[in-house]
Amino acid sequence: MDASSDSVEELKRDLFDVMHRLHQSRPMPLMTFEGVTRTEARAVHMIYSEGKYHNEGCVRPGCVAEHLHTTPSALSQVLKTLEDKGLVERVRAKGGTGDSRAVSLVLTPAGLILARDVDARFMDQTRALVAYVGEENFRAAMHAAELVIEFYDKVLAGEIDIPGVDEPVVAPCAAGSTQASSRADRRARAVPLPSTEGTAACAAGRGGERPCA
């Protein structure tokens with residue numbers, strides 16, 4: 001049974017409220033660092049975590065960049081700093097791909113100590129969180145989050161059709177235009193930035209019934 005409009009509206013407000021508060025609370029791991037930045041510590045921990053699933057503990061930079069939601073170029077600067085601090089080494093990959101130019105990341109002994117410290121604290125905080133929320137509630141929340149991600153993946157892939165997803169939201173003319181362009185017209189053209197001439201026309205009331213162009 002479909003939810004009522006009032007119910008969906010309430011859920012929408014609750015969703016944005018929870019997302020906002022979750023972002024403000026700066027979720028785990030809750031840690032302070034000395035000698036490294038939070039980003040550097042996250043990179044070291046990611047190399048450590050991903051290394052468990054690779055031979056010889058080697059991890060590709062692209063994999064780390066993807067998990068940290070950053071660009072390869074930005075990660076490269078972080079890795080250079082970590083190398084200068086003696087925490088990470090970049091080595092040529094061996095075997096597998098056959099590409100001797102491929103680079104993998106390995107932790108130095110000092111980097112391994114840091115990564116294990118971060119991981120241990122992360123585990124302690126995760127245990128405390130699960131104990132507070134309850135394992136059943138925690139698993140249910142994870143399952144719901146997976147379904148939300150799956151939903152948006154299917155929307156973007158065109159497997160779920162939602163009216164208006166592919167249509168731009170067109171701002172009305174600043175002079176008070178009261179009628180939007182037709183749906184077919186909005187699909188057929190891009191919405192350019194307003195030019196000086198177009199803005200002046202709107203201000204003078206000559207914008208017609210179409211949004212500023």
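# A tour of the predicted model

Start by selecting Glu150, which counts as partly exposed at 40% relative accessibility. The model is predicted, so read each stop as a feature of the prediction.

Now select Val148, which is placed in helix 6, a helix covering residues 135-156. Its relative accessible area is 44%, so Val148 is partly exposed.

Show the rings of the aromatic residues next. How many aromatic pairs does a search of the whole structure find? It finds 1. That pair is Phe151 and Tyr152: their ring centres are 5.1 Å apart and their planes stand at 75°, so the arrangement is edge-to-face.

**Helix 1: Asp17 and Arg21**

Move to helix 1, residues 5-24, and select Asp17 and Arg21. Their side chains meet in a salt bridge, at 3.0 Å from N to O. Asp17 and Arg21 are 4 residues apart in this helix, so about one helical turn separates them.

Select His69. The residue sits in the loop between helix 3 (61-67) and helix 4 (72-84). Check its backbone: His69 has a positive phi of about 55°, although this residue is not a glycine. As background, most residues other than glycine have a negative phi. His69 is exposed, with a relative accessible area of 72%.

**Helix 4: Asp84 and Lys80**

Continue into helix 4 and select Asp84 and Lys80, which both lie there. Their separation is 4 residues, about one turn of the helix. The two form a salt bridge, and the closest N and O atoms are 3.4 Å apart. Asp84 is exposed, at a relative accessible area of 60%, whereas Lys80 is partly exposed, at 45%. Opposite charges on side chains can pair when the charged atoms come close. A search of the whole structure finds 10 salt bridges; the Asp17–Arg21 bridge is one of the pairs visited here.

**Strand 2: Leu107**

Select Leu107, placed in strand 2, which covers residues 103-107. What does Leu107 touch, leaving out residues up to four places away in sequence? Its contacts are Val44, Ile47, Tyr48, Leu87, Val88, Leu112 and Ala115. Leu107 and Val59 are 48 residues apart along the chain, and their C-alpha atoms are separated by 9.7 Å.

**The whole chain**

Zoom out and colour by secondary structure. The protein has 8 helices and 2 strands. Read from the N terminus, the order of elements is α-α-α-α-β-β-α-α-α-α. Of its 213 residues, 23% count as buried. Among contacts with a separation of 6 or more, 51% come from residues 24 or more positions apart.

**Confidence**

Finish by colouring by pLDDT. The mean for the protein is 79, and 71% of residues reach 70 or more. Where does the pLDDT lie below 50? Select residues 193-213: their pLDDT is below that value, and in the model this stretch has 30 contacts beyond near neighbours in sequence.

Conventions
Residues are numbered from 1 along each chain as its sequence is written. This is a predicted model: local features need pLDDT of at least 70, side-chain atom pairs count only at pLDDT 80 or more; totals for chains, interfaces and linings use all residues. Side-chain values use heavy atoms; hydrogens and water are left out. Buried means under 20% relative accessible area, exposed over 50%, partly exposed in between (1.4 Å probe, protein chains only). pLDDT is the predictor's confidence in each residue, from 0 to 100. Contact means heavy atoms within 4.5 Å. Rings of Phe, Tyr and Trp (its six-membered ring) pair if their centres lie within 6.5 Å; planes under 30 degrees apart count as stacked, over 60 as edge-to-face and the rest as tilted. A salt bridge is a side-chain nitrogen of Lys or Arg within 4 Å of a carboxyl oxygen of Asp or Glu.
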